[in-house]
Amino acid sequence: MSVFQTEDRGSIPLARSKLSDSAIPCNILFYLRQNIMKAAIISKYGPPEVLTIQEVAKPTPQKNEILVEVMTSAVNSGDARIRGANFPKGFGLLARLGLGIRGPRTKILGVSFSGIVAEVGSEVSEFKVGDEVFGMTGAKMGAYAQYLVV
């Protein structure tokens with residue numbers, strides 16, 4: 001069952017929350033939903049169960065970037081090592097200083113991806129919306145999400 005139910009008040013449909021008495025115009029709700037994506041978020045180091053699927057803000061490409069709708073993302077040994085803080089002997093402290101003491105600073109892991117260009121920046125000429133692309137994000141990570149900017 002949905003948390004929101006719609007009602008029609010004149011020409012502006014409203015979404016009323018069953019949890020409160022406030023009403024939000026549906027056009028604002030639609031805008032908010034368009035700028036939200038799902039991503040696998042990590043908040044602390046640990047086993048695979050520390051990854052949770054959450055809704056986060058969809059990234060916006062700068063003038064020299066593209067927004068990719070991710071179709072596939074590989075889980076590789078590097079991602080697993082970062083998630084589990086399984087660093088080689090002697091590199092634990094150094095890795096945690098670089099990646100994050102209590103948990104990764106980058107909350108969305110994933111390096112390799114393939115997908116479809118959803119949006120292009122104003123200075124991008126090599127790609128257009130609808131192009132199929134693949135790549136690696138490097139240390140930036142972020143491929144465990146519905147969208148990423150490269």
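Here is a short walk through some rings, charges and backbone angles.

First, the ground rules: this is a predicted model, so local features need pLDDT of at least 70 and side-chain atom pairs count only at pLDDT 80 or more, while totals for chains, interfaces and linings use all residues. Residues are numbered from 1 along each chain as its sequence is written, and side-chain values use heavy atoms, with hydrogens and water left out.

**Stop 1: the rings.** Select Tyr45 and Phe87. A search of the whole structure turns up one aromatic pair, and Tyr45 and Phe87 form it edge-to-face, 6.3 Å centre to centre with 90° between the planes. (Rings of Phe, Tyr and Trp, the last by its six-membered ring, pair if their centres lie within 6.5 Å; planes under 30 degrees apart are stacked, over 60 edge-to-face, the rest tilted.) Tyr45 is in the loop between strands S4 (36-42) and S5 (51-57) and Phe87 in the loop between helices H2 (77-84) and H3 (92-99), so the pair ties together parts 42 residues apart in sequence. Helices (H or I, at least four residues) and strands (E, at least two) are DSSP runs, numbered from the N terminus. Both Tyr45 and Phe87 are buried; that means under 20% relative accessible area, with exposed over 50% and partly exposed in between (1.4 Å probe, protein chains only).

**Stop 2: Arg83.** Move to Arg83 in helix H2. (Lys and Arg count as positive, Asp and Glu as negative; His and the chain ends are not counted.) Now show Gly46: the Arg83 side chain reaches its backbone oxygen at 2.7 Å.

**Stop 3: the salt bridges.** The count comes to two. Select Lys63 and Glu123, which meet at 3.7 Å, N to O. Lys63 is in the loop between S5 and strand S6 (66-73), and Glu123 is in the loop between strand S7 (112-120) and S8, 60 residues apart. Then pick Asp131 and Lys128, bridged at 3.2 Å, N to O. Asp131 is buried at 19% relative accessibility, while Lys128 is exposed at 54%.

Stop 4: Finish on Met141, whose phi is near 55°, a positive value in a residue other than glycine. Met141 is buried, with a relative accessible area of 9%.

Terms used. Polar contact = N/O pair within 3.5 Å; in protein donor to acceptor, adjacent residues only side chain to side chain. Salt bridge = Lys/Arg side-chain N within 4 Å of Asp/Glu carboxyl O.
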